[in-house]
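These are my notebook entries on what I looked up in one model, kept in the order in which I worked.

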Amino acid sequence: MQLTLSNFEEHLPTRILNRGLDYFEDKLVVVFQKAKNDIYAEVAGSNTYPVKLTLEGEIITEMYCSCPYFDKESVCKHVAAVIYTAVEVNAEYKEHSKKTVADNRAPIDTIIDSLSESELRNAISNLVERFDAVNTFLLAEYSHYLGNKESKKAAKDLVNSRIKQTRKRYGFIEYHDFSHLCHDLYTYIHQKETMDFSTVFLAEEIITKLAGLYQKGADDSSGDLSMAMSIAFDRLNAVSLDEKESGGNDLRKYIHKLACRELKKQKYKGFDWEYDWAGVAANAVLTEKQAQKLMDLLEEEIKEKMKENSEWNTGQYYLPYMYQIIKNWKSKEDARAFLEQNIEYRTVRDLALELYLDEGNDAAFLDLIQKNKENDPNSNSRIWDDWMLRYYQKKGDKENQIKILEKFFFGTPYRNFEYYEEIKSLLTEDEIKEKREEYIKYYQSKSQGYFSDTLANLFMEAERWQEFLHLFQQDPDIRMLNQYFTVLSDHFPQETIQMYVRIIPERMDDASNRNHYRQVCRDLKKILKLGGEAEARQIAENCLKKHPRRRAMREELERIGLA
């Protein structure tokens, strides 16, 4: 379904919309520039984040925000705030459509183009003196223009200055402040695109300083620490593996030495970071001598893990890196022997299965799976099903692929339609119709009067619209109505109005704060959109009579023209 300036409230998460609306109303969209189909904006808050929207008419074809949340979820409150601003600007533009715009270029672009080099230098220098954010941006983005010594100092100063800004309460950094710190450091390294010493120095500072803070009690209840650490390790690996990195062998030597040194430190023990350092060291190996020294170091680490006498040998997580080193710096025979000597461990077993699959060694592949099933009958069968699916895919065995995919399709309660799509890709049109009817009967027998998302999608595909409608009418649910609003409104506008009419009064009764009222008012707007003004006004009138002292409710109803 297309996201537009008219329907975005129907598709974005409620929590995101509420926060975005707050930012919009608080005028935190501090920059908003439109150039042809693109909108460039900046949204203030704990930090200022650049946002970009691309529009084709009212259709939003692309969204971007530099905040860490957007990287994880592909939407955020900053994007929502900019969309609300775009809706307002669009409405103003339509209202004043007679006015013409001589030049689509933003005024700031004209100013920058007109400045001499000395004027631009002075402008940047003044900004650096006045705004710490400008200084931070320049250090994070352009430190590759410095020499290695200066670049290393710049990375250290950048990270340390941000840490100093973080408040410490009760002798440690509490979770809210630590979350912001991790977000900022994530942003610094995320912006670094150069494969050189400046990127490595910044990644080194982020990893070592954050690990130290966490060891000293920083509260990572938000879980954002792993996000910042992961991207820093990713950058180190990317530089090591990049053939075009500008530091040459000296840079890889530095990374390898750094990784081997940090791998030994106690502050990483018990976390995945110690294995991350092992991976960085393995990727940065340049010589056979380095390879052997790293092998010796990893063997020492494994011995230490064995002393812990744990039921789950965590030392096995070093084994894939040892295999990588042997494969790259010794012979294939030595690598295979290493696999077979350590195949009892899961991390090595997976490497062996991958190897057998690539080689087409069916007997070894199937034998290893069978042995593991027999040795551990209580193991998760999904693991073996995933491997067997890959096996049948490589063999082109459609029948057995479908059997496994159907197992996943029927066994996954939510978001299982991806398996159905995979099944369809293996069938003819007639076979798809036959299978679809089979699946509809199966889910009808299982749903027992409850709403089934899978069944709704199957009815839609089969264009069995009356049965599709009945799913919603038997017990209207606001989440499902909103999820399928576009389809329902296209085929059953009046019936959809009546389902909202059944649900909204009770939701308004239960609402207890402004955010709740906003959610209910969004649903009332859907009734208005379908032409149900009389129904919406009646609901609003009844709610105002029933709850005359709910000021926030009245204000939100006024906002949509119903009070």
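**Entry 1**

I began with Asp523, which is buried at a relative accessible area of 2%, where buried means under 20% relative accessible area, exposed over 50% and partly exposed in between (1.4 Å probe, protein chains only). I am working on a predicted model, in which local features need pLDDT of at least 70 and side-chain atom pairs count only at pLDDT 80 or more, while totals for chains, interfaces and linings use all residues. Residues are numbered from 1 along each chain as its sequence is written, and side-chain values use heavy atoms, with hydrogens and water left out.

Which residue does Asp523 form a salt bridge with? The partner is Lys526, with the closest N and O atoms 3.8 Å apart; the rule asks for a side-chain nitrogen of Lys or Arg within 4 Å of a carboxyl oxygen of Asp or Glu. Lys526 also counts as buried, at 5% relative accessibility. Asp523 and Lys526 are 3 residues apart in helix H28 (residues 514–529), so about one helical turn separates them; helices (H or I, at least four residues) and strands (E, at least two) are DSSP runs, numbered from the N terminus.

I then noted a network in which salt bridges that share partners join Arg19, Asp22, Glu25, Arg514, Arg518, Arg551, Glu555, Glu556 and Arg559. By the rule above, the count of salt bridges comes to 44.

**Entry 1: Asp350 and its two partners**

Next I looked up Asp350, which is partly exposed with a relative accessible area of 22%. In general, side chains of opposite charge can pair when their charged atoms come close. Asp350 forms a salt bridge with Arg346, where the closest N and O atoms are 3.7 Å apart, and its side chain also meets that of Arg349 in a salt bridge at 3.0 Å, N to O.

Is each arginine buried or partly exposed? Arg346 counts as partly exposed at 32% relative accessibility, whereas Arg349 is buried with a relative accessible area of 8%. Asp350 and Arg346 lie 4 residues apart in helix H17 (residues 346–359), which means that about one helical turn separates them.

I turned to helix packing, and for two packed helices I wrote down the angle between their axes and the distance between the axes. Helix H22 (residues 429–447) and helix H23 (residues 453–462) pack at an angle of about 145°, with their axes 10 Å apart. The axes are lines fitted to C-alpha atoms, for helices over the stretch in contact, and the angles run from 0 to 180 degrees between N-to-C directions.

The crossing of H22 and H23 is left-handed, a term for a near helix turned anticlockwise from the far one by less than a right angle, with right-handed for clockwise. In this contact (heavy atoms within 4.5 Å), Ile432, Arg436, Tyr439, Ile440, Tyr443, Gln444 and Ser447 of H22 meet Thr454, Leu455, Leu458, Phe459, Glu461 and Ala462 of H23. By class, these residues divide into 8 nonpolar, 3 polar and 2 charged, where Ala, Val, Leu, Ile, Met, Phe, Trp, Tyr, Cys and Pro count as nonpolar, Asp, Glu, Lys and Arg as charged, and the others, Gly among them, as polar.

H23 packs in turn with helix H24 (residues 465–473), at an angle of about 155° and with the axes 8 Å apart. H23 and H24 are therefore roughly antiparallel to each other, a label for angles over 145 degrees, with under 35 as roughly parallel, 65 to 115 as roughly perpendicular and the rest as oblique. The crossing of H23 and H24 is left-handed. Leu455, Ala456, Phe459 and Met460 in H23 meet Trp465, Glu467, Phe468 and Leu471 in H24, and this contact has 7 nonpolar, no polar and 1 charged residues.

**Entry 2: two single residues**

Glu429 has its place in helix H22 and is exposed, with a relative accessible area of 58%. Leu236, found in helix H11 (residues 225–241), counts as buried at 0% relative accessibility. Leaving aside its neighbours within four places in sequence, Leu236 is in contact with Val200, Ala203, Ile207, Ile255, Trp277 and Val280.

**Entry 3: the whole protein**
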